Amino acid sequence: MSYSYLVRFKKLGPYRFVSGLDTITMIERTFRRTNLKLTFTEGFHPKPKFSYIDPVSTGVIDLAFYVNINLEEDYDPQIVYNELTAVQPPHLKVDYVTKNLVNLSKIEKYEFLVFVKKPFDFDTTKVIEKKTKRGIRQISLDVLKNVRKFEKNHYVVINYIIRKENIFNPYLLSDKVFLALRKEAYIQDKALSLLFERGA
């Protein structure tokens, strides 16, 4: 029998330049360095059983990288948190741990925050060209939902929610983008962070 936990990591500072694949490798190594009894896959090269949400594009700070991990013992979430924080890399921080019954493949939307140097005029008619395995896909900015725009010092700040299938690198918004970060992941209209606030 195995027990599932949901862990939220934050990828900060210079680690925003670490690729998605390397981020997943770092997380796997972090779990291996703990004293937790991990559940492993079968086969010639067993690996810890875990699943994760879509990584962000390289260069984007991630405040909401959710990971499911299966453990052989029924630990208190605080013990899992303490074990992970004791061995976490310097800029890959464990934020919260909770018991999890959520299927991460059901995530539908993500929320982003983008800082763009002034002057910047946000135009929802603009079209972003996204490279895919099948070629170039054009995405109109009218797919962005719950868009909020405000000014802070020398920047225009854009907060938006985008469906998973329409996601693109926020740095494509403008050549003046200073910083971009992912704030949250949603299943339907429910933020996954609510699981931690409720102590589920």
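Helices here are DSSP runs of H or I with at least four residues and strands are DSSP runs of E with at least two, all numbered from the N terminus. With that settled, here is a tour of the structure.

This is a predicted model, in which local features need pLDDT of at least 70 and side-chain atom pairs count only at pLDDT 80 or more, while totals for chains, interfaces and linings use all residues. Residues are numbered from 1 along each chain as its sequence is written, and side-chain values use heavy atoms, with hydrogens and water left out.

**The pocket**

Let's start with empty space. Rolling a probe the size of a water molecule over the atoms shows where such space is left. A pocket is an open set of points on a 1 Å grid over the protein atoms alone, where a 1.4 Å probe fits, with protein on both sides within 12 Å along at least five of seven lines; its lining residues have an atom within 4 Å of a point. The largest pocket has a volume of about 360 Å³, a volume being the space filled by probe spheres set on the points, which are joined across faces, edges and corners.

Which residues lie nearest the centre of the largest pocket? They are S57, K130, K131, I167 and F168, out of 17 lining residues. Strand 5 (109–117) and strand 6 (127–132) are the elements that give two or more residues to this lining, and strand 6 gives the most, with 3 residues. By class, the lining has 9 nonpolar, 3 polar and 5 charged residues. In that count, Ala, Val, Leu, Ile, Met, Phe, Trp, Tyr, Cys and Pro are nonpolar, Asp, Glu, Lys and Arg are charged, and the others, Gly among them, are polar.

**Charged pairs**

Side chains of opposite charge can pair when their charged atoms come close. The structure holds 11 salt bridges, each a side-chain nitrogen of Lys or Arg within 4 Å of a carboxyl oxygen of Asp or Glu. Here are three of them, with the gap between N and O.

| Pair | N to O distance |
|---|---|
| E28 and R32 | 3.2 Å |
| D74 and K99 | 2.7 Å |
| E111 and K183 | 3.5 Å |

For each partner, buried means under 20% relative accessible area, exposed over 50%, and partly exposed in between (1.4 Å probe, protein chains only).

Take E28 and R32: they sit 4 residues apart in helix 1 (residues 20–33), so about one helical turn separates them. E28 is buried at 13%, whereas R32 is partly exposed at 41%.

D74 is in the loop between strand 3 (61–71) and helix 2 (77–87), and K99 is in strand 4 (residues 92–99), so their pairing ties together parts that are 25 residues apart in sequence. D74 is partly exposed at 48%, and K99 is partly exposed at 35%.

Then there is the salt bridge of E111 with K183. Since E111 lies in strand 5 and K183 in strand 10 (residues 177–187), this pair ties together parts 72 residues apart in sequence. E111 is buried at 9%, while K183 is partly exposed at 30%.

Elsewhere, R8, K10 and D95 are linked in a salt-bridge network.

Is N159 buried or exposed? At 2% relative accessibility, N159 is buried. The side chains of N159 and K183 are joined by a polar contact of 3.0 Å; a polar contact is a pair of N or O atoms within 3.5 Å, where, within protein, one must be able to donate a hydrogen and the other to accept it, and residues adjacent in sequence count only if both atoms are side-chain atoms. Leaving aside neighbours within four places in sequence, N159 is in contact (heavy atoms within 4.5 Å) with residues including E111, N146 and K183.

T34, in the loop between helix 1 and strand 2 (50–52), is buried at 8%. Its side chain reaches the backbone nitrogen of L36 at 3.2 Å. Not counting residues up to four places away in sequence, T34 touches E83, L84 and V87.

N146, in strand 8 (residues 145–152), has a phi near 50°, a positive value in a residue other than glycine. N146 is exposed at 58%. Q188 is not a glycine either, yet has a positive phi of about 55°; Q188 lies in the loop between strand 10 and strand 11 (190–191) and is exposed at 52%.

Finally, the peptide bond from K118 to P119 is cis, with omega near -5°. P119 is in the loop between strand 5 and strand 6.
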